[in-house]
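Morning, everyone. I'd like to walk you through one model today. Please have a look at the screen.

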Amino acid sequence: MRLLMAGSPGSGKGTHGRRLGAHLGVPHIATGDLLRDQVSLGSEIGREAQAYMDRGDYVPDTVMIEMIRLRLAQPDAQNGFVLDGFPRTQGQADELDKLLADLGQSIDAMIVLEVPVEEMVRRLSGRRTCPTCQRAYHMDDNPPADDERCDDDGSPLERRSDDEPETVRYRLKVYGERTAGVIEHYDVDNVVRRVSGEASVDEVAARVRDALGV
Ligand code: AP5
């Protein structure tokens, strides 16, 4: 299956995209994670992206489109993927359509996670992330088994620099202005599945699988 995960910052795209990828046996490709990897490596792309990410703005389309073009060409993405956080602009959606059409592929479904604004701010305030594998935890709702270390690889968990409440509110504003309309682009042929993300992680994961019939 070729799936898109959409929703505002903090709606749960990463948490559920990761689970869905594992469930379906396809890669979970998150553009935020790809960018953070580049920042950690200190690459030219990472240095360019960091300032945009720290203030909650979108990284330019040209950078994002090239990054996704290279990632979707990798062997592990040939039989499907869960693409999380892309496309976020109309330009990215148009380019993804072209890229998939050239490959004779199409999107099977777009999951849109719907969560009230105050709940997203609360979730991001309590989020801790593994710097090694990027798995997200929440210190109240979805804590790691061992204090502040990742269950998967034992790395000390960190707080993302863009999770300060003021930056979160700015990210939500940017999402409303630039990404909400992209969902309409896919709102044809029964591609969009809206799922309420306001429940426990396990309950929302079950809703996502039900919406896809998998
Ligand atoms: P990105 O990393 O994609 O950030 P985002 O879209 O703001 O989304 P988040 O990762 O903050 O949240 P999420 O929806 O994945 O929620 P999560 O599962 O972690 O992008 C970061 C930046 O990179 C952007 O601001 C931009 O600068 C740049 N960028 C990325 N893609 C781009 C693109 N295509 N174009 C241009 N720029 C781009 O969950 C959040 C918290 O809630 C966690 O703590 C989790 O444990 C908890 N939680 C999840 N589900 C539940 C639940 N059901 N109940 C209770 N708690 C829950």
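First, the ground rules. This is a predicted model, in which local features need pLDDT of at least 70, side-chain atom pairs count only at pLDDT 80 or more, and totals for chains, interfaces and linings use all residues. Residues are numbered from 1 along each chain as its sequence is written, and side-chain values use heavy atoms, with hydrogens and water left out.

Now the fold. The chain has nine helices and seven strands. Those are DSSP runs, numbered from the N terminus: helices are H or I with at least four residues, strands are E with at least two. The radius of gyration, taken over C-alpha atoms, is 16 Å. The C-alpha trace spans about 45 × 40 × 35 Å along its principal axes.

On to the ligand. How many residues surround it? The count is 38, and the closest are T15, D57, R88, R127 and R171. To count, a residue needs a heavy atom within 4 Å. A polar side-chain atom of R88 sits 2.6 Å from a ligand oxygen. For R171, a polar side-chain atom is also 2.6 Å from an oxygen of the ligand. H138 uses a polar backbone atom, 3.4 Å from a ligand oxygen. Taken alone, the ligand exposes 1000 Å², and the protein buries 97% of that; areas are Shrake-Rupley with a 1.4 Å probe. Elements giving two or more residues to the shell are α1 (13-24), α2 (31-41), α6 (117-125), β6 (136-138) and α9 (201-212).

Next, the second largest pocket. Its volume is about 330 Å³, the space filled by probe spheres set on the grid points. A pocket here is an open set of points on a 1 Å grid where a 1.4 Å probe fits, with protein on both sides within 12 Å along at least five of seven lines; lining residues have an atom within 4 Å of a point. Of the 15 lining residues, R36, E158, R159, R160 and S161 are closest to the centre. α2 and α3 (44-55) each give two or more.

Last, the backbone. F86 and P87 are joined by a cis peptide bond, omega about 0°. P87 lies in the loop between β3 (81-84) and α5 (90-102).

How values were computed:
Polar contact = N/O pair within 3.5 Å; in protein donor to acceptor, adjacent residues only side chain to side chain. Rg over C-alpha atoms; globule rule 2.2 N^0.38 Å.
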